[in-house]
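Me: I am new to this structure and would like to learn how to read it, one feature after another. Could you take me through it slowly, giving the general idea before each case?

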Amino acid sequence: MSKEVEDCGHHHDENKHHRHIIIGVLAVIITILVVTISTKNPNDKIGIYYEKLDIYASYHNQQITLATELPPTYQGHSDVSEWSPFLCGDAVPVSPYLAVSINQDVNAGVLLFNIKINGKLRWKVGSWLSGSYRIFVNCPAYITLGSRSNGINVGTGIKYQIVQHCHVDD
């Protein structure tokens, strides 16, 4: 004799509830992520026009925030430029597999994001201005959660100071 097991629907709702909680935690973390980006032009003869730069956060190679456009900027010889964009991801759809990874990272107390910048720049030497070049920058961002958190309350968000070197992809 075989018995058929009826699905009460309770377990499906419970899994869905856990997924919503984890995605909600990620949305809060992403919404409060404020990153200051700084770049230095070490050259004393060449200036840089940053024409269009988009910045966003990714987690396990999936974009998790909306892209924020940085204002066009000219960076003179041996000059430093800084931007403080606000990254928000509460309206970005993410893959369901991320819920498991996020839960593991939250339980470990550390999240690893990648802050990515994609855009176009031009070089200026004297009065000559180059054509546009694509730039792709990748900055790892480790954020400690819980009692070991290094965040600073700023209004309704939290600002994290992440002092790490980024790399430019060719």
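Me: Which residues does Tyr59 touch, not counting residues up to four places away in sequence?

Reply: Contact here means heavy atoms within 4.5 Å. By that rule Tyr59 touches Ile64, Leu98, Ser101, Ile102, Asp105, Leu111, Leu112 and Phe113, once residues up to four places away in sequence are set aside. Please keep in mind that this is a predicted model, in which local features need pLDDT of at least 70 and side-chain atom pairs count only at pLDDT 80 or more, while totals for chains, interfaces and linings use all residues. Residues are numbered from 1 along each chain as its sequence is written, and side-chain values use heavy atoms, with hydrogens and water left out.

Me: Which residues touch the most other members of the largest nonpolar core?

Reply: In soluble globular proteins, nonpolar side chains tend to be buried together. A nonpolar core is a set of buried Ala, Val, Leu, Ile, Met, Phe, Trp, Tyr and Cys residues joined through side-chain atoms within 4.5 Å, where buried means under 20% relative accessible area, exposed over 50%, and partly exposed in between, with a 1.4 Å probe and protein chains only. The largest core here has 25 residues, and those touching the most other members are Ile37, Leu53, Ile55, Tyr59, Phe113 and Ile115. At least two residues of this core come from each of strand 3 (46–59), helix 2 (98–108), strand 8 and strand 10 (133–144), and strand 3 gives the largest share, 6 residues. Helices (H or I, at least four residues) and strands (E, at least two) are DSSP runs, numbered from the N terminus.

Me: Is Ile115 buried or exposed?

Reply: Ile115 is buried, because its relative accessible area is 2%.

Me: What is Gln62 in contact with, leaving aside its neighbours within four places in sequence?

Reply: Gln62, which lies in strand 4 (residues 62–63), is in contact with Ala57, Pro93, Val94, Ser95, Tyr97 and Leu98 when those neighbours are left aside. With a relative accessible area of 15%, Gln62 also counts as buried.

Me: How many salt bridges does a search of the whole structure find?

Reply: Side chains of opposite charge can pair when their charged atoms come close. A salt bridge is a side-chain nitrogen of Lys or Arg within 4 Å of a carboxyl oxygen of Asp or Glu, and the search of the whole structure finds 4 of them. In one of these, Glu51 pairs with Arg122, with the closest N and O atoms 2.3 Å apart. Because Glu51 lies in strand 3 and Arg122 in strand 8, this pair ties together parts that are 71 residues apart in sequence. Glu51 is partly exposed at 29% relative accessibility, and Arg122 is partly exposed at 25%.

Me: Which residues are linked in a network of salt bridges?

Reply: The network links Lys52, Asp54 and Glu69. Within it, the side chains of Glu69 and Lys52 meet at 3.8 Å, N to O. Glu69 lies in strand 5 (residues 68–70) and Lys52 in strand 3, so the pair ties together parts 17 residues apart in sequence.
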